[in-house]
Amino acid sequence: MTDAGRHPNITLLTMSEVKELTGVVGNFHVRILKRARYVKEKECTACGDCVEVCPVIIPDEFNMGLSSRRAIYSPFPQAVPGAFAVDINQCLGHSPVICGKCVEACKKRCIDFDMNDEELEFDVGTIIVATGMDAYDPTILDEYGYTRYENVVTSMELERLVNAGGPTAGEVIRLTDGKVPKSVSFIQCVGSRSQRRGRPYCSNICCMNTVKSTILLKEHYPDIEIKVFYLDIRAFGKGFEDLFRRSRGKGVRYIRGLPGTIKQDPATHDLILTVENTATNELDTHRTQMVVLAVGVEPPADMKAIQEMLALQTTADGFYLEAHPKLQPVDSASRGIFFAGCAEGPKDIKESVTQASAAAARAMRLMNPGVLTVEAITAEVDPERCTSCGVCARVCPYNAISVDRATKLPAKVTEAACAGCGTCAAECPEDAIVMNHFTDAQIEAQIDAILENDAAGKILVFACNWCSYAGADFAGVSRLRYPSNTRLVRTMCSGRVHAKFIWRAFEKGAPVVLVSGCHIGDCHYINANHWTERRVKRVWNRMGKLGLRTERLGLEWISAAEGVRFQQVMERMEQIRKSVTPEEIAETVRIIKKISEQKQG
Amino acid sequence: MIAENDHNENIRIGVYVCHCGSNIASVVDCVAVAEYAGTLPGVVISRDQGYTCSEPGQNQIKNDIGEFELNRIVVASCSPRLHEATFRQCVSQAGLNSYLLEMANIREQCSWVHGGNAQEATSKAMNLVRSAVARVSLLQAREETEVPIRRSTLVIGGGVAGIQAALDLADAGYRVVLVEKQPSIGGIMARLDKTFPTMDCSI
Ligand SMILES: Cc1cc2nc3c(=O)[nH]c(=O)nc-3n(C[C@H](O)[C@H](O)[C@H](O)COP(=O)(O)OP(=O)(O)OC[C@H]3O[C@@H](n4cnc5c(N)ncnc54)[C@H](O)[C@@H]3O)c2cc1C
Ligand code: SF4
Ligand code: SF4
Ligand code: SF4
């Protein structure tokens, strides 16, 4: 920590938040709000004279409210930077009439109430998001009585109690009587692994944290009786099983099953747990002097701001989504933005540090050459055709296009930001966008070639490079047989599939057409497949109006791992194809031809 | 510049049909596919090869590019997800722009999944080559552009992860801006006393 505070290459900004981010990989521009500390960071020696005179006494959040602090304070003894800070919302006011006692007390004259919030701007090449997690707040889990019984505490609170630098100097005491409890019960999975309340995932750290705490308690108080109620103990990491064994060796009892309710004995403030014994199916009761809720972790409550600013995706559990779960675990889908630590998912310190070093290495790898090559699959606007309608800018998942509708200047693509999904080219109403290496003409030539002979016998499939085409490859590797009349046209993203490609295929006599891509939420281009979905729905709508059977146009999400699904989808498409008669195809061709003639005429 | 087809360009395509040992050739009649490819518009030379990705296979392509003045290449073999990079490098070594290459996937999408019917598999392979030839004729040379990248990083969050990332980068000589919303860095770890699995102090 202190190294980070004094490293010449690190500008450390505390009490600060990112307010705005613009630009792209290689050249991000950030605006940061640094809130006033009212104490000169470089000059304060953390002597504490000011604290003694401050009349404001409030609960100390760092100690989970288990102790108090003043309005001028240092969050904890080893804080970096070490300078004190004024909690301006709690300060009475510095005018000498009201208070200002600290200003007087500070002999070094470091306290400066004229300090203002500062706005700072930086240009950076890459970004690492390491916003961490919050511990789960068990207030809503009423059956555990966290809000009603003082002797029910969370594991985070226990951490502060057991800490030599904490509010009780390391003495674990009951809040009702200030005495060391003779017995403690831990309850696992609080706020985790529940489909009903809290979070559905395993929080990863609370099993081992409890194991650790039981050992610490046993070392402090050898006679203390400890029970741990759990669903299953997840001691999967290096050295974990050893620690678990040590805990049991010290006499800690691990009991399978979570309490249904906790009641307090009003006389003693002891707690009575009712637990179903999974071995006998009977209800057992356990009396204990203190309960520790092993709370899980969750994404930070305020992460939305950063998420939206950086256009990042999250998984269903709310943590950030990596570019690839196995092969790119610290990359985001946006080039130049990386994840480290619990921002990406619950993990312990070792894993957080490992991931942080990986993220740093990935960032260095990108920055080291000093230049960045941009894959030549990028969009380009034809200024002659563009009417500045702004559609492309709206659909681009990477904000790579800017259109100033007021000045009516043609749309502009920032090549370094364009990831090449082709959504803009598929949505532009004026056909003003050329998607290089996947141009309209190139794709149409493939469609025509495929349908040139025996169109009625073919299944035409548009497949995205990352998911459905990869799913077909996987079907191949698995030697899964499917109808041999399937023909794939590869695009980088399903977002590239222009409605006119579909119409063209039907006009050339295709009995069925399938558009396929990554599952919603897994799109390699953030959310470009949302536009695919909307577009296909538009085509269905139109087909319905023209009297064409909508089932002849399929839309399927197939992941890279779903070879079997690819096979099944192809078999289903073949069934539909067989139901399409030559007359139906002829009629379709007639209808579409008529419309395009009318358009031209 | 907007890519437009240069109609005056004389398209000269080479098609290479790979046996992939017996992976493709045991199902698809590669000789017939190569012969068919030779009849397609723009195709100057077409060959079937044992392993196109092998050194002799690649050298053949490179030689042909020089000898027949080829300006487009189609490789009918495995998935582009596997070997597109290989063949892009191959053609660029022979002085051809790497974007003037197209692959027809006649292994994953053909021989491996239509093993039961050699005839259908062969005619599908021909059709896939037909489609690749149509596409390659329209491909344009592309230059990968280079843009400068700043050698500095913004780290958002000063917990143990943010601190570690910042230190690694800073030690390697990169500038770092470390932004923490609280008055001190440290995050959750700063609140812990002893930590598992080693039971040592956290800070
Ligand atoms: C009760 C408990 C006990 C634990 N015990 C252990 C243990 O014994 N051993 C072990 O290995 N692990 C333990 N862990 C896990 C450990 O705490 C985490 O692995 C570690 O803290 C993760 O570090 P991090 O940097 O990813 O996140 P955090 O520690 O959460 O740090 C994130 C930082 O980012 C800041 N931040 C967040 N959002 C913003 C923003 N928008 N702008 C600026 N700053 C922001 C936060 O203020 C915070 O300082 C425990 C966790 C808990 C909850
Ligand atoms: S780590 Fe253990 S206590 Fe935490 S959620 Fe997973 S199983 Fe439950
Ligand atoms: S969608 Fe097309 S017409 Fe509209 S601004 Fe973009 S490029 Fe121009
Ligand atoms: S191709 Fe995709 S990423 Fe590139 S500008 Fe168009 S919509 Fe944006």
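This is a predicted model: local features need pLDDT of at least 70, side-chain atom pairs count only at pLDDT 80 or more; totals for chains, interfaces and linings use all residues.
Local features need pLDDT of at least 70, side-chain atom pairs count only at pLDDT 80 or more, and totals for chains, interfaces and linings use all residues. Residues are numbered from 1 along each chain as its sequence is written, chains are lettered from A and ligands numbered from 1 in the order in which they are written, and side-chain values use heavy atoms, leaving out hydrogens and water.

Q: Which residues make up domain 5 of chain A?
A: Domain bounds come from an automatic or database domain assignment. For chain A it gives domain 1 (2-124), domain 2 (134-298), domain 3 (304-365) and domain 4 (374-435). Domain 5 of chain A covers 438-600.

Q: How many residues does domain 5 of chain A give to its contact with domain 4 of chain A?
A: The centres of these domains, taken over C-alpha atoms, are 24 Å apart. Contact means heavy atoms within 4.5 Å. Domain 4 of chain A gives 16 residues, and domain 5 of chain A gives 18 residues.

Q: What distance separates the centres of the domains of chain B?
A: Chain B is divided into domain 1 (13-138) and domain 2 (152-201). Over C-alpha atoms, their centres are separated by 52 Å.

Q: Why do β2 and β4 of chain B each have one side without a neighbour in the sheet?
A: Helices (H or I, at least four residues) and strands (E, at least two) are DSSP runs, numbered from the N terminus. Two strands pair if DSSP finds at least two bridges between them. The open sheet of four strands in chain B has parallel pairing and the order β2-β1-β3-β4. β2 (43-49) and β4 (101-105) stand at the edges, so each has a single partner strand.

Q: Which residue of β3(B) stands opposite Ile13(B)?
A: Strands β1 (residues 13-18) and β3 (residues 72-77) of chain B run parallel. Five bridges join them. Opposite Ile13(B) stands Arg72(B).

Q: At what angle do helices α2 and α3 of chain B pack?
A: Axes are lines fitted to C-alpha atoms, for helices over the stretch in contact, and angles run from 0 to 180 degrees between N-to-C directions. The axes of α2 (residues 55-67) and α3 (residues 80-93) of chain B lie 9 Å apart. Their packing angle is about 40°.

Q: How many charged residues are in the shell around ligand 2?
A: Ala, Val, Leu, Ile, Met, Phe, Trp, Tyr, Cys and Pro count as nonpolar, Asp, Glu, Lys and Arg as charged, and the others, Gly among them, as polar. The residues around ligand 2 include Arg193(A), Asp232(A) and Arg234(A). By class, the shell has five nonpolar and four polar residues, and the charged ones number three.

Q: Which residues come nearest to ligand 3?
A: A residue is near a molecule if one of its heavy atoms lies within 4 Å of it. There are 14 residues around ligand 3. The nearest are Cys386(A), Cys389(A), Gly390(A), Cys392(A) and Cys428(A).

Q: How many nonpolar residues does the shell around ligand 4 have?
A: Among the residues around ligand 4 are Cys396(A), Pro397(A), Tyr398(A) and Met435(A). The shell has no charged residues and two polar ones. Its nonpolar residues number 10.

Q: What is omega for the peptide bond from Phe196(B) to Pro197(B)?
A: Pro197(B) lies in the loop between β8 (194-195) and β9 (200-201) of chain B. The bond is cis, with omega near -5°.
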